[in-house]
Amino acid sequence: MVKIVRKKVLNASVTLLEVEAPMIAKKAQAGQFIILRLDEEGERIPLTIGGYDREKGTITIMFQKVGLTTELLGDLNEGDYIRDFVGPLGQPTRPELGEVKRVCVVGGGVGCAIAYPQAKALHEEGIEVDVIAGFRSKDIVILEEEFKAACTNFYLTTDDGTYGEKGFVTDKLKALVESGKQYDAVIAIGPVPMMKFVCKTTEPYNLRTLVSLNPIMIDGTGMCGCCRVTVGGEMKFACVDGPDFDGHKVDFDELMNRNSVYREREAKEKERHECRMEKLGKEMIH
Amino acid sequence: MPNMSMTKNPMPEQDPNVRNHNFEEVAMGYTAEMAMDEAKRCLNCKNMPCVAGCPVNIRIPEFISKVAEGDFQAAYEVITDTNALPSISGRVCPQETQCECRCVRGIKGEPVSIGRLERFVADWYRANVNAMPKKPEPNGIKVAVVGSGPASLTCASDLAKKGYQVSIFEAFHTAGGVLVYGIPEFRLPKAIVQNEVDKLAALGADVETNVVVGRTYTIDEMFEDGFKAVFVGSGAGLPMFMGIPGEALAGVYSANEYLTRVNLMKAYREGYDTPIKDSKAVAVVGGGNVAMDAARCAKRLGAKVYVVYRRDEEAMPARREEIHHAKEEGIEFLFLNNPVKILDDGHGKVRAMECVKMELGEPDASGRRRPVEVAGSNFELEVDTVIMSLGTSPNPLIRSTTPGLEANKKGCLVADEETMATSREGVYAGGDAVTGAATVILAMGAGKKAAEAMDKYLQEKYSK
């Protein structure tokens, strides 16, 4: 069991939780993830490590409420417990990235929650980091101030133009590259279609692009292959070989297809949310 | 008077057409009368060939004679003197290739049903006594056990009994390894596995779940933290795929994933959050026990199920009993068939599996006749789900994060056959992590040998 020590609601659907997990905090690196399970009936879901404090022994996770488990998780409060919390899992980004001087980090929606620690870690190393953060609309913008403090140049876009520049992150990225910005690599984190289009944008410039993939996972330790993805024609397990991969080699359409397997069942599950929350609340009291 | 019946006392079982709709245990176990009657078939022979066939050397005739007398408590004590997990081994051991194949009664007629008797004794004890073992006097020496499958549970139990301060590190949220995620409830009820873990805890062993050794905690760190020896029983959990087109389609599972969803996450039960695909027709590819388990789970979830195997029935590595059970439950076997491609329904989901018929050719290196494709015999098997059960290999995580730990070409840890010692001082290994996918009882045997060797090593080095 891990205890929730801080909760911050970032927007209507994105929540930040800081939990006590000293063994994980000691080891965690940007790009790695954890798997959690809320209670005995719960499923195991992967969430990227959004931050860690080695001294306090805490791990930060940020997540979007998209289904039953994340809804239940979002309803927990400071002082509540999460039954199972395991990690750090996956390969850290930094060794994969190699020698770089100038990097562009592109975050899409809730993906910004994962893009932020990446940008921060690289910026602290003295690397020049430009960030492009894209949101659908003004009301879901997150981490703006944090980003500004953790990068060289910060660009914010909204699809509907209600805040920052109007347009998609890919428009901004293209404009920056066309204007003569030289990047050694792009790191793209967000919904699968967004990562796919970032890769399409960078491909003509032969600009190296890392993506953080988010397939369905169960164990997260390489024993089931549920998270398998095709990269450069080869089968890879995202939980042990990734989750970061060379975006120009990833079969995104296959990933989107595999991620949709349980969509109907997920919708049904969400309806059970109310009664489960009541039960979870009772377990916390006892 | 011995019972000279040529056949074993049959064990009551759920009716095939009832049980293939539920996850309750298929075999219901002997009653005390049946057990005592079966026990009387044992001739109590002097040279005891059965004992030599048992990887954990249970004193078989001795416990059976106690059963025949009706002294089940004494029988339990004889068994547990050498075997830590009798309710598990009595259920899942392939006795036909271990103890029972050496039984003298098997020369003419059927051997004594050693497995059923072992199971009876363990179940009787759990139902009637279920005393938790007493914690032995601690000797102050810390040892770590990686993984909590059958090899680790056996090793941990033997070491804890000797007074070592044992810590078990398990990556999953529940201890038991393949006993909880792999073998289904209808063959091995999970409450039984939990009871064994509880007994281990009563002996003073500390079970830490959610620790991935190699990521959360490394073997080097264990030594830094004062552990004097480590046993690696991390198993062989890495699934293999065929590398044929269509394996990435929605609806293709590894048997490990399918079984983990069903058994560990209880996807078959109402109220549990983990989903599993609703399948109309399922093809399970492979012929081992894991394939039988996956097929029988899919059947219980309401699908029409085919087992597709490239050799003939004789060559199947699964236990005869499991094949028999699967057939009784209405699972269809397609022998001498091999998948070549999985076909798309146009929306990224499985529509069918293209197979080719095989015939047996010349014997290969393993001495088995190699199956070869019959040209032009391709056909489509209409299924919406495919479960690949082609075997597993050890996960590279531990060997890649532990300097000085030698592994062979197949990724199996190299360990001495007698002591289970690895290339790294103080580190021992056993079970599937060393042999590759094998059986529960062989893993238990390895855990036992390792515990003995670890005790010897630790006593020489630290106990003065």
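**Close-up 1. Helices α6(A) and α7(A) meet in a right-handed crossing.** In this predicted model, helix α6 of chain A spans residues 169-178 and helix α7 of chain A spans residues 192-202, and their axes come within 10 Å while crossing at roughly 20°. The two helices are therefore roughly parallel to each other, since angles under 35 degrees count as such. On the α6(A) side the contact is formed by A:Val169, A:Thr170, A:Leu173 and A:Lys174, and these meet A:Met194, A:Phe197, A:Val198, A:Thr201 and A:Thr202 of α7(A). Sorted by class, the residues of this contact are five nonpolar, three polar and one charged.

**Close-up 2. Helices α2(B) and α4(B) pack in a left-handed crossing.** Helix α2 of chain B, made of residues 32-39, packs against helix α4 of chain B, made of residues 60-69, at an angle of about 130°, and their axes are 8 Å apart. The pair is therefore described as oblique. From α2(B) the contact draws on B:Ala35, B:Met36 and B:Ala39, while α4(B) contributes B:Ile64, B:Val67, B:Ala68 and B:Glu69. Six of the residues in this contact of α2(B) with α4(B) are nonpolar, none is polar and one is charged.

**Close-up 3. Helix α4(B) also crosses helix α7(B), again with a left-handed sense.** Here the axes of α4(B) and of helix α7 of chain B, residues 114-128, come within 11 Å and cross at roughly 60°, and the two helices are therefore oblique to each other. The α4(B) side of the contact consists of B:Ile60, B:Phe63, B:Ile64 and B:Val67, and the α7(B) side consists of B:Ile114, B:Leu117, B:Glu118 and B:Val121. By class, the contact of α4(B) with α7(B) holds seven nonpolar residues, no polar residue and one charged residue.

**Close-up 4. Chain A and chain B share an interface with one salt bridge.** Across this interface, 43 residues of chain A are in contact with 38 residues of chain B. Between them the two chains bury about 3500 Å², of which 53% is on carbon and sulfur atoms. Side chains of opposite charge can pair when their charged atoms come close.

**Close-up 5. A salt bridge within chain A links A:Glu125 and A:Arg94.** Counted over all chains, the structure holds 45 salt bridges, and in the one shown here the side chains of A:Glu125 and A:Arg94 meet at 2.6 Å, N to O. A:Glu125 lies in the loop between α4 (112-124) and β9 (128-135) of chain A, whereas A:Arg94 belongs to helix α3 (residues 93-97) of chain A, so the pair ties together parts that are 31 residues apart in sequence.

**Close-up 6. Backbone details of chain A include the cis peptide bond from A:Gly87 to A:Pro88.** Most residues other than glycine have a negative phi, and most peptide bonds are trans. The bond from A:Gly87 to A:Pro88 is cis, with omega near -5°, and A:Pro88 is found in strand β7 (residues 84-89) of chain A. The peptide bond from A:Gly242 to A:Pro243 is cis too, with omega near 10°, and A:Pro243 sits in the loop between α8 (238-241) and β16 (244-246) of chain A. A:Asn206, although not a glycine, has a positive phi of about 55°, and its place is in the loop between α7 and β13 (209-212) of chain A.

Technical notes
Residues numbered from 1 in each chain as written. Chains lettered and ligands numbered in written order. Predicted model: local features only at pLDDT ≥ 70, side-chain atom pairs only at ≥ 80, totals over all residues. Heavy atoms only, no water. Axes fitted to C-alpha atoms, helices over the stretch in contact; angles between N-to-C directions. Helix = DSSP H or I, 4+ residues; strand = E, 2+ residues; numbered from the N terminus. Parallel < 35°, antiparallel > 145°, perpendicular 65-115°, else oblique. Left-handed = near helix turned anticlockwise from the far one by under 90°. Contact = heavy atoms within 4.5 Å. Nonpolar A, V, L, I, M, F, W, Y, C, P; charged D, E, K, R; others polar. Buried area = accessible area lost by both parts, 1.4 Å probe. Salt bridge = Lys/Arg side-chain N within 4 Å of Asp/Glu carboxyl O.
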